[in-house]
Amino acid sequence: SPPTSLERNAVSLLAEALEREGSMQLQLPLPVQRRLWEIRPESFLAQAKPLVCEYVHAMRQRAGPLLVEISETSERRAQSSLQQLADLVGSHCDLYRILLRYLKRSFRASAISELPVLK
């Protein structure tokens, strides 16, 4: 469920305190991190970017230039990355939408440049 205004304010204050202290959000339990990410999507994308890059790269390797080459290694890497991204998102619809937009952008950028997205 989306955060209430009270929850949003509390999480926002927590995020500001973490930024001031220079603490890493990784020290927080994943459900708390997700609430922070809903308010600060840039923090979520910073966590998701390496996994998205790995996923896009693996999918491009798997597809090959003519979409006919399939490598078991790239298949496993793609599935692993996708599972890790799903674990980050959990059941949070807002994070899912943010990730979906980022994945689409990454695939488009990769297709245009014909290079994997840089990590």
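A: Buried means a relative accessible area under 20%; exposed means over 50%, and partly exposed lies in between (1.4 Å probe, protein chains only). At 14% relative accessibility, Arg40 therefore counts as buried. This is a predicted model: local features need pLDDT of at least 70, side-chain atom pairs count only at pLDDT 80 or more, and totals for chains, interfaces and linings use all residues. Residues are numbered from 1 along each chain as its sequence is written, and side-chain values use heavy atoms, with hydrogens and water left out.

Where does Arg40 lie? Its place is the loop between helix 2 and helix 3. Helices (H or I, at least four residues) and strands (E, at least two) are DSSP runs, numbered from the N terminus. Contact means heavy atoms within 4.5 Å. Set aside the neighbours within four places in sequence, and Arg40 touches Ser12, Ala15, Glu16 and Glu19.

Step back into helix 2, residues 30–39. Seven of its ten residues are buried, so helix 2 is largely enclosed by the rest of the structure. The buried residues are Gln33, Arg34, Arg35, Leu36, Trp37, Glu38 and Ile39.

Take the charged pair. A salt bridge is a side-chain nitrogen of Lys or Arg within 4 Å of a carboxyl oxygen of Asp or Glu. Two salt bridges are counted by this rule. One joins the side chains of Glu38 and Arg35, at 3.2 Å from N to O. Glu38 and Arg35 sit three residues apart in helix 2, which is about one helical turn. An α-helix has 3.6 residues a turn, so residues three or four places apart point the same way. Both partners are under cover. Glu38 is buried at 10% relative accessibility. Arg35 is buried too, at 16%.

Now the rings. Rings of Phe, Tyr and Trp (its six-membered ring) pair if their centres lie within 6.5 Å; planes under 30 degrees apart are stacked, over 60 edge-to-face, and the rest tilted. The whole structure holds two aromatic pairs. Trp37 and Phe44 have ring centres 5.3 Å apart and planes at 50 degrees, so this pair is tilted. Trp37 and Phe44 are both buried. The other entry is Tyr55 with Phe107: it is edge-to-face, with 5.9 Å centre to centre and 90 degrees between the planes. That pair links distant parts of the chain, with Tyr55 in helix 3 (residues 41–63) and Phe107 in helix 5 (residues 93–113), 52 residues apart. Tyr55 is buried, with a relative accessible area of 13%. Phe107 is partly exposed at 31%.

Arg97 pairs with Asp94, and their closest N and O atoms are 2.8 Å apart. Three residues separate Arg97 and Asp94 in helix 5, again about one helical turn.

Gly90 is in the loop between helix 4 (72–89) and helix 5. Its relative accessible area is 39%, so Gly90 is partly exposed. Gly90 and Arg34 are 56 residues apart in sequence, yet their C-alpha atoms are 8.2 Å apart in space.

What about cysteines? A disulfide is a pair of cysteine sulfur atoms within 2.5 Å. The count by this rule is zero. Cys53 is buried at 1% relative accessibility. Cys93 is partly exposed at 48%.

Finally, the setting. The protein has five helices and zero strands, and along the sequence the pattern reads α-α-α-α-α. Of its 119 residues, 33% count as buried. Among contacts with a separation of 6 or more, 62% join residues 24 or more positions apart. Accessible areas come from the Shrake-Rupley method with a 1.4 Å probe; for residues, only the protein chains shown count as cover. The accessible surface comes to about 7,700 Å², and 59% of this belongs to carbon and sulfur atoms.
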